[in-house]
Amino acid sequence: MRATVKFFIVLACAALPAIVVAQGNVSIEQAWVRALPPTQSNTAAYMTILNAGPDVAIVRGGSSEIAQAVEVHRTVEVDGMMRMEQLDELRIAPGEQAVLAPGGTHLMLLNLTTMPAAGDEVRLCVQLASGAEVCTVAPARKSVSSGKAHAHHH
Ligand SMILES: [Cu+2]
């Protein structure tokens, strides 16, 4: 019996809800999620993550109510082909910001339960190495806002 009781105590501790929903020093701005055709099972989220704190902020991954997994990815060009690879961590120096944008670093929302449609709002969080989570509500859009011109000049 004694062993059984201990087991239940461990379970109870593990089940405590995460009470940290945001870390004051780290914030997310201008987040958006790309709305793709519903036949797609993955999509990407973009945002600016600001670190106003005195320590390096390390983003390890994320979570979203619509995705089974959220990874930090970067886009790399290999032999003229754009490929994505997972980043174990994204480090943001004190006072700096990380811009996650199409063609660069992004959050990858994997194995979606539902693909957001343009205009939907998606709750998503980034997880920091400190154990804290920073969350935001990101609108879904089909593309970058028209105000930002592309620089594809030849
Ligand atoms: Cu990706």
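**View 1. Strands β2 and β7, side by side.** In this predicted model, β2 and β7 run antiparallel and are joined by 4 bridges. Strands here are DSSP runs of E with at least two residues, helices are runs of H or I with at least four, and both are numbered from the N terminus; two strands pair if DSSP finds at least two bridges between them. Look for Leu 50, whose bridge partner in β7 is Gln 97. β7 has a covered face, made of Ala 98 and Leu 100, and an uncovered one with Gln 97 and Val 99. Residues are numbered from 1 along each chain as its sequence is written. As the model is a prediction, local features need pLDDT of at least 70 and side-chain atom pairs count only at pLDDT 80 or more, while totals for chains, interfaces and linings use all residues.

**View 2. The largest nonpolar core.** This core has 27 residues, and those with the most contacts inside it are Ala 45, Met 47, Ile 49, Val 59, Val 126 and Ala 138. At least two core residues each come from β1 (26-34), β2 (43-51), β3 (57-64), β4 (67-78), β7 (97-100), β8 (106-112), β9 (121-128) and β10 (133-141). β9 gives the largest share, 5 residues. A nonpolar core is a set of buried Ala, Val, Leu, Ile, Met, Phe, Trp, Tyr and Cys residues joined through C-beta atoms within 7 Å. Buried means 20 or more other C-beta atoms within 10 Å of a residue's own, exposed means 12 or fewer, and partly exposed is in between, with C-beta atoms placed from the backbone. In soluble globular proteins, nonpolar side chains tend to be buried together.

**View 3. Zooming in on Val 126.** Skipping residues up to four places away in sequence, Val 126 touches Ile 28, Ile 49, Val 59, Gly 62 and Val 134. Contact means that two C-beta atoms, placed from the backbone, lie within 7 Å.

**View 4. Ser 63 in strand β3.** Ser 63 sits in β3 and is partly exposed, because it has 17 other C-beta atoms within 10 Å. Leaving out neighbours within four places in sequence, its contacts are Val 70, Leu 124, Cys 125 and Gln 127. Glu 133 is 70 residues away along the chain, yet the C-alpha atoms of Ser 63 and Glu 133 are separated by 9.2 Å.

**View 5. Glu 85 in strand β5.** Glu 85 belongs to β5 (residues 81-86). Why does Glu 85 count as exposed? Because it has 10 other C-beta atoms within 10 Å. Residues up to four places away aside, Glu 85 touches His 73, Arg 74 and Val 76.

View 6. Gln 30, in β1, has a phi near 55°, positive although the residue is not glycine. Asn 111, in β8, is also not a glycine and has a positive phi of about 55°. Gln 30 is partly exposed, with 13 other C-beta atoms within 10 Å, whereas Asn 111 is exposed, with 10.

**View 7. Helix α1 and the chain ends.** Confidence is lowest in α1 (residues 2-14), with a mean pLDDT of 46, and highest in β8, at 98; pLDDT is the predictor's confidence in each residue, from 0 to 100. Below 50 throughout, residues 1-22 have 8 contacts beyond near neighbours in sequence. Where pLDDT is low, the predicted coordinates should not be read in detail.
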